[in-house]
Amino acid sequence: MAEKAQLDPQQLDDLARELDALRTEVTADLGQRDADHIRRMVRRAQGSAVAGRGLLMFGFGPISWAVGVLALAHAKILENMEIGHNVMHGQYDWMNDPTLNSKTYDWDIVCAREHWIHSHNVEHHDHTNILGKDHDYGYGMLRLTPEQRWRPSALLQPFWYLLLALNFQWGVAIHDIKLGRFFKGRMSRQELKQRSRPFLRKAGKQLFKDYVFFPALAFWQWPRVLLGNLCANLIRNLWTNAIIFCGHFTEDAQTFSLRETRDESRGHWYLRQIQGSSNLEGGRWFHVLSGHLSHQIEHHLFPDMPAPRLAEIAPRVREICQRYGIHYNSAGFWAQYRTVLKRIFVHALPTRAHRSRALPEPDQG
Amino acid sequence: MLRTDTPTQKRRLGRLIEPFNDRVAWDLLLQRLNPTWSVGEIRARVIRRAEESDDTFSLYLQANRHWPGHQAGQHLRLQVEINGVLRQRVFSISSAPGKTRATRGQLRLTIQRQPGQGVTDWLYQNARVGQVFTLGAPGGDFTLPAAVPTKLLMIAGGSGLTPMMAMLHHLAERGHVGDIHLIQLCRKPAQRLFAVELDALARQLPGLTVDVHFSHANGRLKLESLTDRVPDFDERHTLLCGPNTLMEQAMTFWQGRTTAGPLQIERFAAPRPAGQSGGLLSVTASQSEQMFTQIPGQTLLESAEASGLSPDYGCRAGICRTCLCRKTQGQVRNLITGLASSQADEWIQLCVSVAESDLQLDL
Ligand SMILES: Cc1cc2nc3c(=O)[nH]c(=O)nc-3n(C[C@H](O)[C@H](O)[C@H](O)COP(=O)(O)OP(=O)(O)OC[C@H]3O[C@@H](n4cnc5c(N)ncnc54)[C@H](O)[C@@H]3O)c2cc1C
Ligand code: FES
């Protein structure tokens, strides 16, 4: 496992300056080609959705069904990852286009936009991989590092993980409601109701659309459409889950304690973002389908930079990391995903922290 | 049936039939077939471009069926995409309203290129036949009174002639016989707009006098001389559109002359704030959690834009109130009314306001 880089305050300041300069350079260059890219993606997602739903509703036989499912899954993945996620990060706010604005955009997924913006943009992006603060770390149900307390239920976590992966959109959707706090008695019923309202509204709408409205439009073909929509949602769930888990839970992705990150400087923040994230390598289509989260490191450094730019600056970020002796965690999809699965299995058992990195926590051992 | 539903019921129904009521999605589909098609947006294609002087040109547009028709003197909002960014500017329509369904969508804009990297400069260099633009609905109350006064005075400075052209064409079509005195202000003969068209209009409108004033040769128009220059000055209903300095002077002049007839004005731009001295004032935009400084000589809207924020706007001249924003703290001055707003929690128009203290805005 890679070690955390130790930089002195001067080096951290230099790192921050270099990365800030990189951001300024890209921001000044934003323009037509970025606008064209996101518009092209929107058209592509729409075309794919129309084709997919059309094939499911009006097609005959298993082949048109399978193609329809793939087209619809492709549309949903593109919409959730390359469009929704990125637009809601504000990557295209500068275009002044009300249809591509982070304040108004709502995506095709059961997760309500207001919940996601809070749990993802605020908690996860700012507190990346800080145990106890980044609630995306293990999604409140997985133990991925020895620094997390072991409970007997962790023994079943490979199974929990499978459930989460299959229902990932639901996992993301209820994440910000923080049910755990309710069950521990730290949230009133009233507050729970209040917090769940956007989720219930959004979930009802999504369920109705995919499992009532579109099937009904197909008359006697309704089972075909219902099943197709279910499969497309499943494919989307598995894919987004795999990509997102590869972003922060690979073997070399570091975690941080609250103590380590108190009074963090800008340079330190950048350093944590790099060390808590991992990249995936692949072709252009792969990056697009991952919403460029395959460039998780760059995305975490500059969350509001239009995604295709992340791929362009990646070699320069890598070069900067090399100069400062920071491990740049990047590998192919299967190589990274294997280490994620390994972590899920290994830490199902009561593992102990490596001695040199162990934190003095009374409840360990 | 829908009309009797309450808004919440409508919204609930709307949610259920999504995406079939998603206008943005339908527009996207339609525009693959034809860029002017839309379920609700006004879109128009450029069918002709004509140069009117060395820095002014006209765009003849054919709008889709969503164009509701305009009144002579009204303006519209034109949206352009410049290097990926959507920007809007307001332009007066310089053609008379079409009378039939077929001609209703035929519009002409006459645009003067302003120095700098603004929208008009981009249009001057890039506007071509075949391009499609999104438009806003017609607006503004710079229109002729319902009962057209028998004696009119029009004072048009530079491109301020555009709304008057629409009015003159409209009056000519109606066979208007009343007296119209048009004072056209331009710097030099080469910059005079619509010379040929005005000649033709003078032949159709028996009461029209075109009175051209070249400021380069004859100096600025002196408003005190209006009473000598224009017969029956006090009996006339005046329409004025031109540079801000002229408008300020005219307002003072009219206020000082109690016998003068009514004055109707159209502003093309917010008055320029005087550059302040003293320290830089900082503005906190609380919603976007950003700070920017009030740049001397710019409005709050321009200062916010200069620092990368993009507040909503329409006319940029204090007319449409699209830029309305809640000020939670501090004092601003409205450049049109000259009034200060110093109370917390007041609504201000960003496009015509400048900060007079540090501010906090709900932006
Ligand atoms: C009701 C209405 C009707 C209009 N009708 C017409 C019309 O028919 N034809 C027409 O040509 N225009 C018309 N305009 C004006 C038009 O909307 C634009 O404002 C104008 O054309 C300039 O736009 P721009 O983007 O090119 O310039 P902008 O970049 O918006 O600049 C506006 C003006 O301010 C100057 N300026 C910008 N920043 C500063 C600064 N910091 N200090 C000093 N000066 C500065 C620019 O040089 C320019 O002259 C109308 C405006 C209104 C409100
Ligand atoms: S933009 Fe129209 S009033 Fe300010």
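These legends walk you through close-up views of a predicted model. Local features need pLDDT of at least 70 and side-chain atom pairs pLDDT 80 or more, while totals for chains, interfaces and linings use all residues; side-chain values use heavy atoms, without hydrogens and water. Residues are numbered from 1 along each chain as its sequence is written, with chains lettered from A and ligands numbered from 1 in the order in which they are written.

**View 1. A patch of positive charge on the surface.** Here Arg40(A), Arg43(A), Arg44(A), Arg284(A) and Arg32(B) gather. Helix H2 of chain A, residues 32-58, gives the largest share, three residues.

**View 2. Arg32(B) in its helix.** Look for Arg32(B) in helix H2 (residues 23-33) of chain B; helices are DSSP runs of H or I, at least four residues. Arg32(B) is partly exposed at 40% relative accessible area, between buried (under 20%) and exposed (over 50%).

**View 3. A nonpolar surface patch.** Leu217(A) meets Ile17(B), Phe20(B), Trp26(B) and Val39(B) in a patch of about 370 Å²; nonpolar side chains (Val, Leu, Ile, Met, Phe, Trp, Tyr) are joined within 5 Å. Ile17(B) sits in the loop between helix H1 (7-16) and H2 of chain B. Ile17(B) is partly exposed, with a relative accessible area of 35%.

Definitions and conventions. Patch = residues over 30% accessible without salt bridge, like charges linked within 9 Å, V, L, I, M, F, W, Y side chains within 5 Å. Areas by Shrake-Rupley, 256 points an atom, 1.4 Å probe, with all protein chains shown as cover. Salt bridge = Lys/Arg side-chain N within 4 Å of Asp/Glu carboxyl O. Lys, Arg positive; Asp, Glu negative; His and termini not counted. Charge placed at Lys NZ, Arg CZ, Asp CG, Glu CD. Helix = DSSP H or I, 4+ residues; strand = E, 2+ residues; numbered from the N terminus. Buried < 20%, exposed > 50% of the residue type's maximum accessible area, 1.4 Å probe, protein only.
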